[in-house]
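Subject: Structure handover

Hello,

Here is the structure for you to take over. My notes on it follow below.

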Amino acid sequence: MSSFGERSRRWPGVLALALVLPLAGCATDADRPDAAPPSRGSSGTSSGTGGGTGTATAAPGTREQLRVDGDVRQYLLHRPASTSASTSASSAADGPRPLVVAFHGRGADAAELRAKTRLEKAATARGMLVAFPEGLNHGWGAGTRATKQRPDPDLDVRFTEALIKHLVRTERADPERIYVAGFSNGGSMALRMAAERPALLAGAASVSGQLPTGDAAVKPTGSVPVLVVYGADDPVRPLAGWPSPPPDPEEPILPTRSARDTAAAFAAAGGAGEPVEREEKGYDRTVWRLGADAPGGDRRPDGTVQLLVVHDAGHTWPGSTVPPPEGFGPVSKALDATGTILDFFADPDSDPGPGR
């Protein structure tokens, strides 16, 4: 895998303009602009296709801010216990840590995704940093088409790049172990990052998210391990994709590939051969093994692209204990999506199991 320096040369020049807004009492750069003190804890959620179900109870963590492209963006940050905000001096001794950037669904927010997935508990128990960024207007620019609501379709890509760069610098996130994950529209955002910035990431995972297509198409450009988890009975974003979704007056819903075509696109970009398919208890698994020399990306001698189609599951996060909104379908208990994703990140060359 390429070094962080090699990867950063591929990033857009806009990163040089990213200015950090620290938490009160945590400033270290004299040239940082002034900002209103950020709040701590959870923020309210609204219902939408991402599954917002109301205000979630905050877990230990901090709310941080980052200025990118003139916007003040917010995110929740969870550190392993040994590197809390009050013990930042010990972080150097702890060494670099893996980082997971987790994108919430459309209409939801960071606190809702944290409550639904309990990702911060599972990840911090493994010594991983977790950042839950907040989308503008509770959503993400997961496609390449400019819209009235999102005239700059690349804004969230640049924000994510800047956030990763900032956390590598300030939180000792390991540039060789950067991962993205997400649900629904956030899952599609994670897939866009994997498609357009494969050298930046060590892995990506999407639950109920697919690659946009049509005039918003996102096409994988290199090799990266990817896990796609999808409900077989998703009533919101069908397993077979949505090439012609209905119009949305607030923000256009993007057309998408099917879940299988999404995974196959990453497999092709990674130089994979024919897939292996198996039936597991509660889900079907399809595995493509990435090639040793993939076109358009770094040499990656191992890793896989995987599709898990979960039986009796809707537009939901398998294994969650948070009830989904009405009309989103059932939550499968046959698979712990959170544990499965983190297992895949730790070892993308092996088949994920039911998770922990």
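Where is the place of Glu251? Glu251 lies in the loop that runs between strand S8 (226-231) and helix H7 (259-269). Please keep in mind throughout that this is a predicted model.

**Confidence**

The average pLDDT of the protein is 82, and 75% of the residues score at least 70. Two stretches need a caution. Over residues 1-49 pLDDT stays under 50, and the model has 114 contacts beyond four places in sequence for them. Over residues 83-93 pLDDT also stays under 50, and for this stretch the model has 10 contacts beyond four places in sequence. Where pLDDT is low, predicted coordinates should not be read in detail.

**Overall**

The protein has 356 residues, of which 55% count as buried. Its secondary structure consists of eight helices and 11 strands. Among the contacts with a separation of 6 or more, 66% are between residues 24 or more positions apart. The protein exposes about 14,000 Å², and carbon and sulfur atoms supply 52% of that area.

Is Glu251 buried or exposed? Glu251 counts as buried because its relative accessibility is 14%, and the cut-off for buried is under 20%. Leaving aside residues up to four places away in sequence, Glu251 touches Arg106, Gln149 and Arg150. Glu251 also belongs to a network of salt bridges that links it with Arg73, Arg150 and Asp156.

**Other salt bridges**

Side chains of opposite charge can pair when their charged atoms come close. How many salt bridges does the structure hold? The structure holds 20 salt bridges.

- Arg126 and Asp343 form a salt bridge, with 3.0 Å between the closest N and O atoms. This pair links distant parts of the chain, 217 residues apart: Arg126 is in the loop between helix H4 (119-124) and strand S5 (129-133), and Asp343 is in helix H8 (residues 337-346). Arg126 is partly exposed, at a relative accessible area of 30%.
- Glu277 and Arg260 meet through their side chains in a salt bridge, 2.9 Å from N to O. Here too the pair links distant parts of the chain, with Glu277 in strand S9 (residues 276-280) and Arg260 in helix H7, 17 residues apart. Glu277 counts as exposed at 52% relative accessibility, whereas Arg260 counts as partly exposed at 34%.
- Asp174 and Arg177 form a salt bridge in which the closest N and O atoms are 2.7 Å apart. Asp174 is buried, with a relative accessible area of 13%, while Arg177 is partly exposed, with 32%.

**Helix H3**

Why is helix H3 described as largely enclosed by the rest of the structure? Seven of the eight residues of H3 (residues 110-117) are buried, so the rest of the structure largely encloses the helix. The buried residues are Ala110, Ala111, Glu112, Leu113, Arg114, Lys116 and Thr117.

At its start, a side-chain oxygen of Asp109 comes to within 3.3 Å of the backbone nitrogen of Ala111. After H3 comes Arg118, which has a positive phi, near 50 degrees.

**Strand S4**

Which strands pair with S4 in the parallel sense? S4 pairs with S6 in the parallel sense over six bridges, and Leu99 has Ile178 in S6 as its bridge partner. S4 also pairs with S5 in the parallel sense, over three bridges, where the bridge partner of Val100 is Val130 in S5.

Regards

Notes:
Residues are numbered from 1 along each chain as its sequence is written. This is a predicted model: local features need pLDDT of at least 70, side-chain atom pairs count only at pLDDT 80 or more; totals for chains, interfaces and linings use all residues. Side-chain values use heavy atoms; hydrogens and water are left out. Helices (H or I, at least four residues) and strands (E, at least two) are DSSP runs, numbered from the N terminus. Buried means under 20% relative accessible area, exposed over 50%, partly exposed in between (1.4 Å probe, protein chains only). Contact means heavy atoms within 4.5 Å. Accessible areas come from the Shrake-Rupley method with a 1.4 Å probe; for residues, only the protein chains shown count as cover. A salt bridge is a side-chain nitrogen of Lys or Arg within 4 Å of a carboxyl oxygen of Asp or Glu. A polar contact is a pair of N or O atoms within 3.5 Å; within protein, one must be able to donate a hydrogen and the other to accept it, and residues adjacent in sequence count only if both atoms are side-chain atoms. Two strands pair if DSSP finds at least two bridges between them. pLDDT is the predictor's confidence in each residue, from 0 to 100.
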